[in-house]
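Trainee: Could you take me through one part of this structure up close? I'd like to go slowly and stay with the one spot before we look around it.

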Amino acid sequence: MGFLRHRDDPPDGRRFQMREKLASIGDDSWIEDDQGQRVYKVDGKALRVRDTFILKDSDGNEVAKIQEKKLRVRDTMQVERDGKMVATVHKALVGIRDRFDIDIEGGEDLKAHGNFVDHEYEIKRDGDVIATISKKWLRVRDTYGVQIRSGEDEALLLTLTVALDDMSHR
């Protein structure tokens with residue numbers, strides 16, 4: 001299934017397809033690349049006090065764990081790899097548009113802004129777009145695309161997309 005090129009896309013990147021209701025607790029969903037190959041699986045863990053998702057590679061190996069943090073002033077989710085926290089996603093307290101701050105452990109922080117409910121937003125580092133999420137590229141119903149700039153951590157950005165999807169649809 002081909003993607004159309006969008007003039008605001010980040011250059012030289014890879015695209016993925018995600019189902020709109022990807023982050024349903026208790027459901028498993030596949031993330032496909034632009035060739036239709038299943039690359040990652042999102043495993044929504046049911047019957048937990050906190051929202052929890054496990055990102056697995058196509059062989060079933062855990063790549064990252066996404067977990068909601070309860071009892072916070074603003075919505076927060078943390079991303080772990082190999083038992084270590086690598087990122088924390090915070091929903092902005094004020095603003096007209098949806099915005100999220102993403103704290104990266106040992107790296108440069110990210111910001112996400114746009115229309116999260118309609119899956120039209122960007123993830124930026126120091127003002128540079130490193131990932132674009134959009135439904136405009138696809139004609140497949142209930143599916144949206146994620147374009148990630150070359151050289152970026154695809155698994156981390158897809159994990160962050162799952163976290164943003166869950167937080168924006170609560």
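Predicted model: local features only at pLDDT ≥ 70, side-chain atom pairs only at ≥ 80, totals over all residues.

Is His119 buried or exposed, and what is its relative accessible area?

Mentor: His119 is buried, with a relative accessible area of 1%; buried means under 20%, exposed over 50%, and partly exposed anything in between, using a 1.4 Å probe and protein chains only. Numbering starts from 1 along each chain as its sequence is written, and side-chain values use heavy atoms, with hydrogens and water left out.

Now the backbone: His119 isn't a glycine, yet its phi is positive, near 60°. You'll find His119 in the loop that links strand 9 (110-115) to strand 10 (120-125). Strands here are DSSP runs of E, at least two residues long, numbered from the N terminus.

Those two strands belong to a barrel: 12 strands close up in the order 1-2-3-4-5-6-7-8-9-10-11-12, with antiparallel pairing. Neighbouring strands of this sheet are turned by 20° against each other on average, direction ignored; the axes are lines fitted to C-alpha atoms. Two strands pair if DSSP finds at least two bridges between them.

Asp82 is another non-glycine with a positive phi, about 50°, but Asp82 is exposed, with a relative accessible area of 78%.

Definitions and conventions
Helix = DSSP H or I, 4+ residues; strand = E, 2+ residues; numbered from the N terminus. Axes fitted to C-alpha atoms, helices over the stretch in contact; angles between N-to-C directions.
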